[in-house]
Structures are given as C-alpha cells and as structure tokens.
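This briefing concerns a single predicted model and is meant to be read beside the sequence and the coordinates. Please have both to hand.

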Amino acid sequence: MFLGGRIHQKNEESPFSLKAKLSFKQLSFNPYNDYWLFWIIKAGEFAIKRFTSIDLFSGPGGLATGFRWAGIQPLIAVEWSYWTAQTYAHSHHADILDFAEYQRDPSLLDAFLQPATNPVLIYGDINQVPSDVILQLLKARYNLETVDIV
C-alpha cells in the first residue's frame, strides 16, 4: 500500500498518470486554498481519502493550519477565549457557534446542521460542550460519524 505525498520511484508512473488512466477527475493541489488530497494505491486500485480532525483546544488554529498543509481537514474546533476564537474563525473560514447562546436557545444549532465544508468553531468551555452536539454536527454537516484525529 502506498499512502500519500508525491513520492514515487524514478521511471515509475506517478499516481497522477495512474489517475488519468483510470479516468478520474482532474485534481487541484493548492496548499493555500484547498485541502491537500491524499491518495491510496492498493492492489492497483486508486482512491481519494480526506483525513479529518476535531480540535478540542484549538487556540488560534496553528495546529489546524499544519494539519491542513498535511492534508487533514479540520471540521470542528472548540475554544473558550473570544479573541483567540475570532482569530481561528478568520484563519480557517470557520462558522462560530456561541455555546452560551446555544444553551439559552438550542434552536440556534439548526443553522449549523446544514451541509457545508467549512469548519465550525464552538466558542465556549469544552467542559460544557456535550459530545452529542459534536456528533450532531458531524452527521448533519459533514455526513460523518467518525474523524481520523481528535
């Protein structure tokens, strides 16, 4: 099994030429705007897999930036500091769910349960955020039940 980057032996076909032979769509690799895609080649098969993460103590998003550069898509982050949460949201184009407001009006979550690709930053204390809120976001917004990294 071969997992991911641009490594291939000299005089061997790269995954990109294999992709073209198998009639896959053209892929865009732009580390500044798009998430890098990892490819898995196993027994002659070619597939695309996006690794995903949840950052429970996100800070301003430095770890998530490194993850994005490595091909890992941040989905959900939790941060309790207002300005730090604003920095994360700006850097990662995240939608902010104010957890204190959600506790007063649970219907606010509905706006975040629509399918989307940008991350959700939960602004609040991680000790107050129940796992079912995170699971609801994963299922409704990203159609996932698990992530690769927490």
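Which residues are buried in helix 5? They are Val133, Ile134, Leu137, Leu138, Arg141 and Tyr142, where buried means under 20% relative accessible area, exposed over 50% and partly exposed in between (1.4 Å probe, protein chains only). The model is predicted, so local features need pLDDT of at least 70 and side-chain atom pairs count only at pLDDT 80 or more, while totals for chains, interfaces and linings use all residues. Residues are numbered from 1 along each chain as its sequence is written, and side-chain values use heavy atoms, with hydrogens and water left out.

**Helix 5**
- Helix 5 comprises 12 residues, 131-142; helices (H or I, at least four residues) and strands (E, at least two) are DSSP runs, numbered from the N terminus.
- From first C-alpha to last, helix 5 reaches 16 Å, close to the 16 Å expected at 1.5 Å a residue, the expected span being 1.5 Å times one less than the number of residues.
- The buried residues of helix 5 are Val133, Ile134, Leu137, Leu138, Arg141 and Tyr142. They lie on the same side of the helix because they cover an arc of only 140° around the axis, taken from the directions from the helix axis to the C-beta atoms.
- These buried residues pack against strand 4 (51-55), strand 5 (72-79), strand 6 (95-98), helix 4 (99-104) and strand 7 (120-123).
- Just after helix 5, Asn143 has a positive phi of about 55°.

**Salt bridge**
- The count is 1 salt bridge, defined as a side-chain nitrogen of Lys or Arg within 4 Å of a carboxyl oxygen of Asp or Glu.
- Arg141 and Asp95 form a salt bridge through their side chains (2.5 Å, N to O). The pair links distant parts of the chain, with Arg141 in helix 5 and Asp95 in strand 6, 46 residues apart.
- Arg141 is buried at 4% relative accessible area, whereas Asp95 is partly exposed at 29%.

**Nonpolar core**
- The largest nonpolar core has 20 residues; such a core is a set of buried Ala, Val, Leu, Ile, Met, Phe, Trp, Tyr and Cys residues joined through side-chain atoms within 4.5 Å.
- Helix 5 gives this core its largest share, 5 residues.
- Beyond four places in sequence, Leu109 is in contact (heavy atoms within 4.5 Å) with Leu97, Tyr102, Val133, Gln136 and Leu137.

**Confidence**
- Mean pLDDT, the predictor's confidence in each residue from 0 to 100, is 78 for the chain.
- Over residues 1-43, pLDDT stays under 50. Where pLDDT is low, predicted coordinates should not be read in detail.
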